[in-house]
Amino acid sequence: MAQAYTPGLKVTPWTRHRVRRILPIPGEVKKAVGDAVGATDVVAETFMPGNVTPANVANMLSMPPADIPECMIKQVGDTVEVDEILAETKGIFGFFKANCLSRTAGTIETISEVTGQVIIRGAPLPVQVTAYVAGEVVEVIADEGVVIESDVAFVQGIFGIGGETVGPVVMACESPDQELTPERITDEMAGAVLIGGARMTGPAVRRAIEVGCAAVVSGGLDDADLREILGYDLGVAITGSETIGLSLVVTEGFGEIRMAARTHQLLGELAGCEASVNGTTQIRAGVMRPEIVIPRGDDEVTAAGDSDRVAGLLEVGTLVRVIRDPYFGFLGTVADLPTEPQILDSESRARVLNVHTSEGENIVVPRANVELIEE
Amino acid sequence: MTTPESFSPVPATSANLLDPSSINVILATDCGSTTTKAILIEKVGGEFRQTFRGEAPTTVEEPAADVTMGVVNSVSEVAELAGRKLIGDDGQVIRPATDGQGCDIYISTSSAGGGLQMMVAGVVREMTAASAKRAALGAGAIVMDTIATNDKRLPHEQIQRIRELRPDMILISGGTDGGTTQHVVQIAEMVAPAKPQPRFGSEYRMPVIFAGNVDARDAITRAFDDSVELSLVENLRPTMERENLSPARDAIHDLFLEHVMAHAPGYDKLISWTDAPIMPTPAAVGNILQQIAERRNVNAVGVDIGGATTDVFSVFDGTFNRTVSANLGMSYSISNVCAEASLPNILRWVPLDMDERELRNRVKNKMIRPTTIPQTLESLLFEQAVAREALRLAYEQHKDFATTLKGVQQQRTVGDTFSQQSSGQTIVNNMTLDLLVGSGGVLSHAPRMSQTAAMLVDAFQPEGITTLAKDSIFMMPHLGVLSQVLPEAAVQVFERDCLVYLGTCIAPAGIGKAGKSCFSYQITGEGISESGEVGFGEMKLLSMADGVIATAVIDPAKGFDAGEGPGKQVEGEIRGGTVGVILDGRGRPLELPEDRDACRQAVVAWNQVQGLAELN
């Protein structure tokens, strides 16, 4: 499950991470507290009530709805197979009977005298929940699911598509400013969580799908490429149910933008480790961002130390990234925070801050247009 | 012609009205999905005036998970600014008002947690299902889907859809009283086994309202088991010719408070604090707009353009309608506006050259980082162009929805022989529109008032003589709920502090040839005496201060109509404002040149006349 949004995206080499893995309706929990689980292990299972198919028997037999209960061969609670007789007319002296066959298998749920409609419920549908992230079960929620805890490296993206997937981290770009192009993707990368650098190109994504990668993570993506990949223009940022063959995570934004150096370095250090990736993005009240979760061994944790700092207040010296034109993508430190609102070039009045950019330039930007980063 | 029944979202009855003479200080809050806004209204010199305003983040989600925390924070800001203690040591709003502390009444609206989300069902999509949708929208709900026997989906697809939805409530209608019951029972039989899951908690019993054929009530009751909370109310379409939306709408309001709100974090506490029922925000906005239209006897349209949605409200000849365009907005939904309107349609409003690929990426970046604001003039002009298209599309949806009743036989006379209007025509008529009110960030916070006026005129294309105004600090929700208990106070504050009059737009309908005359005008009043001619495709702006009332005599050229018919003179009263009088000779429907260069030249010229931006 992706994390709730915090101001500034979270990128950390170590954090104690908890995931709740819950069934949509009550069922059986397969694991106990203390169990170690792998990412693909099933932790809970249930059966959803089957799909419902109505059959208008009155129409099919050309009978008044009120007569239908008398004609029913199958009664409420009976099971029925495809092409089995559901109902039959009495005919004339036992001859010229008409009947209607079931087009679906299931159990008769209701027979209506008002409409002559029979509702057939199909076989229960199995629903399974996997662990998604390897770790230890720390809590069992009776009949619902489990909470799994693990020490992980955690990278939050800004936008993604596709749901949950798991695979080993493989670096396709050596530096964060290299574009992810198709030539960088080889057949050996099948099943991998591919790490790019700057923009992932449309042909590169298509190549990754062809090879069978589990996910692609890179700094930027062109809207035109996204449209081509999805086959439609994405209207609102509510994603996760796409079935394009892999999950995509964009760490910085749309356009030609390189991945933050620290993110790229962290992922590079963890090459070969198993990563759990979720591209689900919901930018609404209760925002969800895509994520890359990489469980770490105890020894690695000690070495990494706890740097689980979530970006907080804007202060002089805070590292920020500008997230809107005309300085989109600029990195720098806060140099000053004037209290009085200022008039922008757009003539709007807004509270601003002065940023000293990594290129040595001093720029003024609205406070709403920066994002806190940990670099 | 038959029209939907007029209704007031929450009627002010003598039972819930308060005596204005005993009230001096009113506190009102609006708990939005992201921000809780508090305003203080005080009696100043015998009149109610809005005096202070504060805001704080809404706190319905973790870690706070208690809406009253955001309320207390926003009220504390008001208290600080007003120098008046409003929150007592027990953490509650102090009442009644005494010297320097407390208030006499406290009221609130809410759209926190995404507002009221409903699913509606009816037998025929254009008839009972449309009436059910109108009832739900009028009650301030977001309609997630409309199920009907003729919605072109197979029954199992409809059931699947119901299962996927997680509405707060379901409204079922269908059949006229005394008519056939079969079809509406069929709808109920599909909803019942779908067992839709509510958004809140497993103990929550889904409220289902049945407002259809009264003869079907027994069968409907049998169709549902006790996993739902079934309410039976009067038929919302008792005959084909009449809509009766009030009982269904009242039931929605009651269930909203009793069930939906009661399960949202902290609302039980908030309900106990307020002196009037908490209203869904859009219902409150509709309430105040309708009150104003009734009092002034005018036709009015109001719009609230937000980040995710655009709400349009209209009152024409006493009939109130509301629509919410769920995916037309300026941040979360900006990309959808571009997808629906197409980028070329947006760019036609931009007086500058822009790179399409870069713009597409910018739009997506705004979508994923919705809180950013335009820093450059170029960015601002682009966002305002997007706003024009979002407003235009939302208004088109509104016009399609606000119609006369469909399926009604109409008696025609000989005089109607050549008028081929069928039932289901829109009742929104731009020529008879008197007042157009805009609110929402992009309209309320535009750096220049002229930009707000231009966006409204370009998107809504008012015809004839129309007064333009904007909601100064988005206080229409507060005033809507106030009008339930103190209508006089609500109207006073609306007139004096809520509305900022931008001026008047004069625009004859019709199409002409460039350079030919569109209309001539003569405007006379206190401190103003102007006359002249406006050519087709041309615009003029006359300065006329707020509060000034003048008489305008408009002589449209042949083929142009200013309200009395083609070529006929119109005389009317016009109102000044912060922008003035916009004389719009561009014709209606407004058609921009198809050639990109010609279009840009035209937009630059209109931009100059209206003083929208200093272009280099």
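This report walks through a few local features of a predicted model, along with the domain layout of one of its chains.

## Ground rules

Residues are numbered from 1 along each chain as its sequence is written, while chains are lettered from A and ligands numbered from 1 in the order in which they are written. Because the model is predicted, local features need pLDDT of at least 70 and side-chain atom pairs count only at pLDDT 80 or more, whereas totals for chains, interfaces and linings use all residues.

## A covered strand in chain B

In β8(B), 5 of the 5 residues are buried, so the strand is largely enclosed by the rest of the structure. Here a residue is buried if 20 or more other C-beta atoms lie within 10 Å of its own, exposed if 12 or fewer, and partly exposed in between, with C-beta atoms placed from the backbone. B:Met206, B:Val208 and B:Phe210 are buried on one side of β8(B), and B:Pro207 and B:Ile209 are buried on the other.

Strands pair when DSSP finds at least two bridges between them. Strand β7 (residues 169-172) of chain B runs parallel to β8(B), joined by 3 bridges, and B:Ile170 has B:Val208 as its bridge partner. Strand β9 (residues 228-232) of chain B also pairs with β8(B) in the parallel sense, over 5 bridges, with B:Val228 as the partner of B:Met206. From β8(B) the chain crosses through helix α5 (residues 217-223) of chain B to β9(B), and this β-α-β crossover is right-handed (clockwise from the first strand over the helix to the second, with the strands pointing away from the viewer).

## Helix α8 of chain B

Helix α8 (residues 281-296) of chain B has 16 residues and spans 23 Å from first C-alpha to last, close to the expected 22 Å, which is 1.5 Å times one less than the number of residues. Of these 16 residues, 13 are buried. Just after the helix, B:Asn297 takes a positive phi of about 55 degrees.

## Around B:Ser517

B:Ser517 lies in strand β17 (residues 517-525) of chain B. This serine is partly exposed, with 18 other C-beta atoms within 10 Å. Beyond its neighbours within four places in sequence, B:Ser517 contacts B:Glu533, B:Gly535 and B:Ala557 (C-beta atoms, placed from the backbone, within 7 Å). B:Phe560 is 43 residues from B:Ser517 in sequence and 9.8 Å away, C-alpha to C-alpha.

## Domains of chain A

Chain A is divided into domain 1 (11-17 + 151-304), domain 2 (52-121) and domain 3 (319-372), with bounds from an automatic or database domain assignment. The C-alpha centres of domain 2 and domain 3 of chain A lie 70 Å apart.

Note on methods. Helices (H or I, at least four residues) and strands (E, at least two) are DSSP runs, numbered from the N terminus. Two residues are in contact if their C-beta atoms, placed from the backbone, lie within 7 Å.
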